[in-house]
Amino acid sequence: MGLLGSDYSSHSNSKLGEQASLLHHLPLSVALFNPPKYKRERAQTSSDSNVNVNEHQTCDFIIEDVPHLTNFLPDLPAYPNPLEKSQAYAIVKRTFVSPDDVVAQKIVVQKESPRGVHFRRAGPREKVYFTPEEVRACIVTCGGLCPGINTVIREIVCGLNYMYGVDDILGIQGGYRGFYSKNTINLTPKIVNDIHKRGGTFLQTSRGGHDTNKIVDNIQDRGINQVYIIGGDGTQKGAAAIYKEVEKRGLRVAVAGIPKTIDNDIAVIDKSFGFDTAVEEAQRAINAAHVEVESVENGVGIVKLMGRYSGFIAMHATLASRDVDCCLIPESPFYLEGQGGLFEFVEQRLKENGHIIIVLAEGAGQDYVAQSMHAVDDKDASGNRLLLDSGLWLTQKIKDHFTNVQKMAINMKYIDPTYMIRAIPSNASDNIYCTLLAQSAVHGAMAGYTGFTVGPVNSRHAYIPISRVTESQNIVKLTDRMWARLLASTNQPSFVQNCDLALPSSDVVYSLLVKVDRADQV
Ligand SMILES: Nc1ncnc2c1ncn2[C@@H]1O[C@H](COP(=O)(O)OP(=O)(O)OP(=O)(O)O)[C@@H](O)[C@H]1O
Ligand SMILES: O=P(O)(O)OC[C@H]1O[C@](O)(CO)[C@@H](O)[C@@H]1O
Ligand SMILES: [Mg+2]
């Protein structure tokens, strides 16, 4: 028996495998593997001088596992994985992922630190819980667009068909509401063959319209037993609700989430697909701004990029470009006037270089804009806050300041590429990434796992409990080194007063950042 009871395994002699029977009785998603204290015995060498030989140490090993259909359908039959006979895997040394393989969430550790949280490694398993003829799969795409969605759709269809011989795959059209309001389309490798060359989603998408009961009724009525759900944080919350309802009804339906978001705001995973493509496309807008502002006197270029709550696209586009003087993101409050403010910085760069480029994430400075516009807090159909145009607002503020206060003529160039960075096909590396995601999702569902999201954790693909990726949103942490690297690269103001920077706790620094921002507004 493997690390957890749901996997069939021949690795019964591994140390982790020996703990399996204990783990099987632990709560579904979290298993704490707490081996006895062991003696670390090492020969002491000169380079080891700071190591305490023979000291005792506890190493906590935590697995956050994903559910398996057998958790609520214990008598489900298993079958040998057809990949055993697949020509693609014929000479692969280890076709099947060992049930003992896990992926560590933290790979930078200290000598004495606990082993920490691990996720189940993604990939094909020795046993599957569906025969090819039994499978009726469906794919749905929800939320905003993102480069690579079509590649994921294509690779799920081809993966199911070429690897597992499945040929009953339905496309749900128009997002979650498509389950109960639209006809499905049949997806075959031939139909999806070229779709990866196009941007957007072949299946169409929507916001709102998630009705768990209606969706699961429909899954049941249509005899669907594998559900592949491609979407962002909101979509994954919807997938978790579908999984829970499926479990409650005791249905043999595997629910697999594939994380999608241009904003890169999904927790746990390294990066979301399409993000690199979007950052690359954003370079075109920044380059255009650079050409424009270099060709005039006192050129001020403002480029607004997507990023509702997280400034990853703006941060990475800035770091990649070298032409950007200042990057503004939602996580880092800024202020305009006075010492250390944005106006002062713009003036300084204009004097030094004759031009300046500011990259602004759409969610940056929203409170500022809302105040000056007395706007109401509008929401989209999914309940996401509708943003005000901070790019236009900043453009006007800078124009007003230099015309009325500084009495200095500037040449303002505002570029807003918005949808252009996400409505394109994915680049080569994102295409490969999408293929891995799709194949991992297919292997997971075929192996009977459910209620999981697939994604890379420290470059290794893993099955992550859906609830784990929806409990928080990934944001740029100002206290991490990446933001410091950006500040060091642009040499822009951090908008944090020196005395505040000395504070030890990131929470305190963050709350002060907010206070600095508020203080400036009153
Ligand atoms: N808490 C929730 N529970 C169930 N369904 C939800 C929840 N939040 C959002 N959804 C559904 O998920 C779908 C997509 O959500 P949303 O519009 O927020 O996009 P997203 O998946 O977060 O993607 P992105 O942010 O990248 O555009 C919608 O159909 C919405 O109804
Ligand atoms: O106009 P739409 O399609 O709702 O999408 C806009 C939003 O979608 C995202 O791309 C992803 O959430 C945001 O960056 C952006 O604010
Ligand atoms: Mg979202």
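This is a predicted model: local features need pLDDT of at least 70, side-chain atom pairs count only at pLDDT 80 or more; totals for chains, interfaces and linings use all residues.
Local features were considered at pLDDT of at least 70 and side-chain atom pairs only at pLDDT 80 or more, whereas totals for chains, interfaces and linings use all residues. Residues are numbered from 1 along each chain as its sequence is written, ligands are numbered from 1 in the order in which they are written, and side-chain values use heavy atoms, without hydrogens and water.

Ligand 1 is surrounded by 19 residues (one heavy atom within 4 Å), the closest being Gly144, Gly208, Asp233, Thr235 and Ser382. Helix α7, residues 233-249, supplies five residues, the largest share of this shell, helices being DSSP runs of H or I with at least four residues. By class, the shell holds two nonpolar, 13 polar and four charged residues, with Gly counted among the polar ones.

The shell of ligand 2 includes Arg207, Ile262, Asp263, Glu362 and Arg422, and its residues divide into three nonpolar, one polar and five charged. Oxygen atoms of ligand 2 lie 2.7 Å from a polar side-chain atom of Glu362, 2.8 Å from an N or O atom in the side chain of Arg422 and 2.9 Å from one in that of Arg207. The protein covers 78% of the 400 Å² of accessible area that ligand 2 has on its own.

Note on methods
Helices (H or I, at least four residues) and strands (E, at least two) are DSSP runs, numbered from the N terminus. A polar contact is a pair of N or O atoms within 3.5 Å; within protein, one must be able to donate a hydrogen and the other to accept it, and residues adjacent in sequence count only if both atoms are side-chain atoms. Accessible areas come from the Shrake-Rupley method with a 1.4 Å probe; for residues, only the protein chains shown count as cover.
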